[in-house]
Amino acid sequence: MAKYIIRQSPALTGDVSISGSKNAVLPIMAAALLTDEACEITDVPALRDVDVMCGLLRGIGARVNERYGEKTLEIAAEKIASEEAPNELVKKMRASVLVMGPLLARAGRARVALPGGCAIGTRPIDLHLKGLRALGARIESENGYVVAVADGLRGANIYLDSPSVGATENIAMAAVLAKGTTVIENAAEEPEIVDMVNFLNKMGARIKGAGTDTIKIEGVERLCGAKHAVIPDRIETGTFMLAAAITRGSALIRNAVPDHVKPVTAKLRECGVDVRVSDDGLIVDARRGALTSTDIKTLPYPGFPTDIQSQFMAFLTTVRGSGVVIENVFENRYMHVNELNRMGANIKIEGRVAIVEGDCRLRGAEVFATDLRAGAALVLAGLYASGTTRISEIHHIERGYESFVEKLRGMGADIVRMEDG
Ligand code: EPZ
């Protein structure tokens, strides 16, 4: 099995360029099912999750032409040949459920394997189904699948009990072709939702309010093909900000959108890291010594992103003083703590609260990635730790970070990928 071999690295320097957002391109690819015309998506990251979504769209009957060399995908769903998202794809990638709304809107039927839980929580889809029912779908479950059927969807007022990103996306995609107006209240406000809605509006949808907690959708008869460039990945941006910080380096993060990482910037500044906005992106300078700890509380956007919690925790083990981390979005997103403690960290968990002691002399160890962002946290810890860190199960990491090793090496990191490390 492939592993990352990471040795204590010098302060990272130079620059790195952020790729297109994984969590924006996946719903946008699903949205291309809503028209029988060709769509062209650019700034697409070359990720395993994108490959899985391409396979799913092909299985549904769409023509998908990947031109990764040009970071471009062409998707044309002239016909819907199958309304199914099979279990072997859903269990690989939970975001497969995002085809449910478009299939229901386009073909009047969707049969999607229920996504099992994963390392970070049970991750139900009850809010997705609540919204689709409100739009007129009849929904049944049959041996591990959800079957949604509707002969025409009608606009509705939908209140989300919690601002679920995926539920907001699925419901919005179903509503664009419904008869009448839909209002989603307590909607998620993430930038990835705004990006998907911008794509849908280019296709002829009539959606207002994306980026706020109330999204209004006026149903239209049909959508046309469109071209769209995916926004940069704010989670990759935060990960590289922390790579510079944990190694006490100074780096330019090109193509970053400063507005999308405000909580990470604010928290790094509280620790004494200098973060400046430049015309080319973000400059993160952690060369001033004696960095100190801070507290983190994850919340839906615009709060501190849960997807950066583990990476920030790795950084907090290396600064002076102790910090309190509270994970409010997922019920089990501390799988990285055991692995960090095996590297010499001293982190105690009490329910949703983690107390992170600082000034730890992290030491390299054999560790494994339990999920995408926990794996990224272990890479950062390995850059700081003395000795050698070997990370297994790196497929979790490679599903969400394009050219991760090459980008880190370009900044001076001592990391290699070994097939049978
Ligand atoms: C999206 O997942 C992201 N994935 C996740 O990123 C991210 O962590 C998450 O949003 C929160 O920001 C993609 O966009 C592909 P949610 P999603 O629905 O849509 C509960 C990464 O690392 N919930 O906002 O699945 C759920 O259990 C991944 O890139 C319900 O209870 O997240 C969780 O506790 C990891 N019922 C919370 O809401 C539902 O019907 C947030 O889930 C739906 C969700």
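This is a predicted model: local features need pLDDT of at least 70, side-chain atom pairs count only at pLDDT 80 or more; totals for chains, interfaces and linings use all residues.
**Notes on the ligand site and a few local features**

1. Residues are numbered from 1 along each chain as its sequence is written, and side-chain values use heavy atoms, with hydrogens and water left out.

2. Val165 has a backbone N or O atom 2.8 Å from an oxygen atom of the ligand, and for Pro124 a backbone N or O atom lies 3.4 Å from a ligand oxygen. Of the 820 Å² of accessible area that the ligand has on its own, the protein covers 86% (Shrake-Rupley method, 1.4 Å probe; for residues, only the protein chains shown count as cover).

3. Now the shell as a whole. The ligand is surrounded by 20 residues, and Asp126, Leu127, Ser164, Asp307 and Val329 are the closest (near means a heavy atom within 4 Å). By type, the shell holds eight nonpolar, five polar and seven charged residues. Here Ala, Val, Leu, Ile, Met, Phe, Trp, Tyr, Cys and Pro count as nonpolar, Asp, Glu, Lys and Arg as charged, and the others, Gly among them, as polar.

4. Which element gives the most to this shell? That is α5, with three residues. Two or more residues come from each of α1 (22-31), α5 (126-134), α6 (165-175) and α12 (372-384). Helices (H or I, at least four residues) and strands (E, at least two) are DSSP runs, numbered from the N terminus. Domain 1 (2-19 + 232-419) and domain 2 (22-229) each supply at least three shell residues; the bounds come from an automatic or database domain assignment.

5. Two backbone details deserve a look. Tyr301 and Pro302 are joined by a cis peptide bond, with omega about 10°, and Pro302 sits in the loop between β18 (296-297) and α10 (309-316). Arg248, in the loop between α8 (234-246) and β15 (250-254), has a positive phi near 60° although the residue is not glycine.

Note on methods. A polar contact is a pair of N or O atoms within 3.5 Å; within protein, one must be able to donate a hydrogen and the other to accept it, and residues adjacent in sequence count only if both atoms are side-chain atoms.
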